Amino acid sequence: MAESARWLVPRTGALRRGGRGLPGLWRSRTGTLGVAIVAVAVLCAALAPVLAPYNPTAAQFSTTLRPPSAAHPFGTDQLGRDVLSRVIFGARISLLVGGVTVLISGFVGCALGMLSGYLGGWLDAAVMRLADVQLSFPFILLALTINAVIGAGLQTIMLSLVVAGWPLYVRVVRGEILALRHREYVQAAIATGARNGRVMWQHVLPNVATPIIVVSTLQVSQFIIAEATISFLGFGIQPPTAAWGGMVSDGRNYIFFAWWLTAFPGAALALTALGVNLTGDWLRDTLDPRLRT
Amino acid sequence: MSRYLLGRAGQAVLAIFLALTVVFFLVRITGDPVILFLPQDVQPKDIVYFRHLLGFDRPVWQQYLSFLGGAVHGDFGRSLRYRTPALSLVVSRLPATFQLAATSLAMVACAAVPVGIASAARRGTFVDNIGIAATAAGQAVPGFWLGLMLIWVFGVWLRWLPVAGYGGWTHFVLPSLTLTAFYAAQIARITRSSVLDALGQDYVRTARAKGIHERGVLARHVLKNAAIPIVTVFGLNAGQLLGGAVVTETIFAWPGIGQYILNALRGRDFPVVMVGVFLTSAIYILVNFLVDLSYVWLNPQVRYG
């Protein structure tokens, strides 16, 4: 099980092996596409009030459930709100949740993983058992339980994703550290009298950074989809806030005659996740070819 | 071997115990569900009586101990909603979940492994590119959206298949396709990378040098060596699917364990939630244990001492 963490990281082999750093990006077509999609999503989130043609939450009862047209390219929903504007604003929730939760769960997981791998002993045993419990319990059920208990909302959903996300980092970081701890330069640092904190910060962390970056990128898309799934099931972001999962959930009730309510927010979600995944694949191929095969 | 088995069993019991404990206290944080099960015009003294009847007036640690005492004997209490033993209620939902999981896993294995092998064997060609694009898309599309889009296309628009419910084989098509897409993409990617990895090994070069044609090399030397990562991830997937596909079962009104646990969570039916936690984690742990045992057969170098 512990060894399997690597394989869990989704991967596509790069056809073209990019050079190091940014120049490699333009040689990888899929990497370029991924970064472009992510850039568009970030732009939508940042400039939503400028880009959106209508107010995303203002009901307009004279134009409910209109199919896509020139005035409303993605149609209107059951309250007459412009779907395109809601999709653009929805990018904010998705990217916020994806970005912030990955940072927090990455920080928690890396800290625990480093302590666990470096210090070993009872701490290591306790952390790994906890991670095992976490992994043997379906992620979506755990997230739903937390949201059902604390009450649905943005903070709760982010908390539940952090709780669900940290074991992956623990496994990756701990594995790397167990391998690094006996390297000469680490032993040399210890021999010269460096304290634990310094050894970890100066000598170990830089060598673990690459797998962390790669794993984090791929987790961003998993978290974006997870947030949408929880919101879809009614435990997450509450109306009238425009969030893609909630929009698909609303659209589900009208699927028999208003396909556009479901199709567009879901497509935005899938496209964003695809963009993040392609970016992650490109990062992995460029930064850490070792992770590839 | 017996020592290994004993250790694994101990770990499994500990993991299930911890999961049950965490969820037990988690669901009780917000208080008891008594109000939800009583009519609106109920008298306060009736609420107190009902609470006493269900044991929610006792300290939480007493409730916890009596829950553990019962759980050890396979008694998880009665469903608050249906007044029948929670365990048998949830177990009665297992066949539907197992059927859906088995169909989906069979489809995953039949679709993903050949695609992954073809992709690796023809690395860099058109076939490989198609495979990579399909798997990237499969992993990015959220299950709940794919399910709804399939309902719209095949159920609403073309009217070929039923939109939801449980019944003949036509009812299996859309839910199992929904589940297959994501897992197949994952397995295809892992198959591709582990076959590529095996193709680069010395024994493959030797086999080729002996004059075995490429198909024989793939079938006899590459596949078995590439199998361990594939089997591992397939096992993780199977463990998840057999424990109930919450989202897919909900979308398609599939009478499985995942949908049932979700509804219990919504209705605060604590005993049913606890049984759900127990069953899903037990199934997951059991399947992964079987996967670990299969390594012995796949790679004779693996020994469990």
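Along its sequence, chain A runs in the pattern α-α-α-α-α-α-α-α-α-α-α-α. The model is predicted. Chain A has 12 helices and 0 strands, and chain B has 13 helices and 0 strands. The two chains touch: 42 residues of chain A are in contact with 49 residues of chain B.

**The chains**

- Chain A has 293 residues, of which 52% are buried.
- Among the contacts in chain A between residues at least 6 apart in sequence, 69% join residues at least 24 apart.
- Chain B, read along its sequence, has the pattern α-α-α-α-α-α-α-α-α-α-α-α-α.
- Of the 305 residues of chain B, 42% count as buried.
- In chain B, contacts with a separation of 6 or more come to 72% from residues 24 or more positions apart.
- A box of roughly 85 × 60 × 30 Å, taken along the principal axes, is filled by the C-alpha atoms of chain B.

**Where chain A touches chain B**

- Contacts link 42 residues of chain A with 49 residues of chain B.
- On the side of chain A that touches chain B, the elements giving two or more residues are α1 (5-8), α6 (121-136), α7 (139-150), α10, α11 (244-252) and α12 of chain A.
- Helix α12(A) gives the largest share of that side, 9 residues.
- By class, the side of chain A that touches chain B has 27 nonpolar, 11 polar and 4 charged residues.

**Helix α6 of chain B**

- Helix α6(B) covers residues 126-140, which is 15 residues.
- From its first C-alpha to its last, α6(B) reaches 21 Å, close to the 21 Å expected at 1.5 Å a residue.
- The buried residues of α6(B) are B:Gly131, B:Ile132, B:Thr135, B:Ala136, B:Gly138, B:Gln139 and B:Ala140.
- These buried residues pack against helices of both chains: α10 (196-232) and α12 (260-287) of chain A, together with α5 (94-121) and α8 (169-199) of chain B.

**How α6(B) meets α8(B)**

- Two packed helices are described by the angle between their axes and the distance between the axes.
- For α6(B) and α8(B), the packing angle is about 135° and the axes are 8 Å apart.
- That angle makes α6(B) oblique to α8(B).
- The crossing in which α6(B) passes α8(B) is left-handed.
- From α6(B), the contact is made by B:Gly131, B:Thr135, B:Gly138 and B:Gln139.
- From α8(B), the contact is made by B:Ala181, B:Phe182, B:Ala184, B:Ala185, B:Gln186, B:Ala188, B:Arg189 and B:Arg192.
- The residues of this contact of α6(B) with α8(B) divide into 5 nonpolar, 5 polar and 2 charged.

**How α5(A) meets α6(A)**

- In chain A, the axes of helix α5 (residues 83-119) and α6(A) come within 7 Å and cross at roughly 135°.
- That angle makes α5(A) oblique to α6(A).
- Helix α5(A) passes α6(A) in a left-handed crossing.
- The contact is made by A:Leu112, A:Leu115, A:Ser116 and A:Leu119 of α5(A), and by A:Gly121, A:Leu123, A:Asp124, A:Val127 and A:Met128 of α6(A).
- The residues of the contact of α5(A) with α6(A) divide into 6 nonpolar, 2 polar and 1 charged.

**A:Val97, a residue of α5(A)**

- A:Val97 lies in helix α5 of chain A.
- A:Val97 has 26 other C-beta atoms within 10 Å, so it is buried.
- Leaving aside neighbours within four places in sequence, A:Val97 is in contact with A:Ile157, A:Met158, A:Phe223, A:Ile224 and A:Glu227.
- A:Val97 and A:Val83 are 14 residues apart along the chain, and their C-alpha atoms are separated by 21 Å.

- Most residues other than glycine have a negative phi.
- B:Arg159 has a phi near 55°, a positive value in a residue other than glycine.
- The place of B:Arg159 is the loop between α7 (143-157) and α8 of chain B.
- B:Arg159 is exposed, because 9 other C-beta atoms lie within 10 Å.
- B:Arg268 has a phi near 55°, a positive value in a residue other than glycine.
- The place of B:Arg268 is the loop between α12 (257-266) and α13 (270-298) of chain B.
- B:Arg268 counts as buried, because it has 21 C-beta neighbours inside 10 Å.

Technical notes:
Residues are numbered from 1 along each chain as its sequence is written. Chains are lettered from A and ligands numbered from 1 in the order in which they are written. This is a predicted model: local features need pLDDT of at least 70, side-chain atom pairs count only at pLDDT 80 or more; totals for chains, interfaces and linings use all residues. Helices (H or I, at least four residues) and strands (E, at least two) are DSSP runs, numbered from the N terminus. The expected span of a helix is 1.5 Å times one less than its number of residues. A residue is buried if 20 or more other C-beta atoms lie within 10 Å of its own, exposed if 12 or fewer, and partly exposed in between; C-beta atoms are placed from the backbone. Two residues are in contact if their C-beta atoms, placed from the backbone, lie within 7 Å. Axes are lines fitted to C-alpha atoms, for helices over the stretch in contact, and angles run from 0 to 180 degrees between N-to-C directions. Angles under 35 degrees count as roughly parallel, over 145 as roughly antiparallel, 65 to 115 as roughly perpendicular and the rest as oblique. A crossing is left-handed if the near helix is turned anticlockwise from the far one by less than a right angle, and right-handed if clockwise. Ala, Val, Leu, Ile, Met, Phe, Trp, Tyr, Cys and Pro count as nonpolar, Asp, Glu, Lys and Arg as charged, and the others, Gly among them, as polar.
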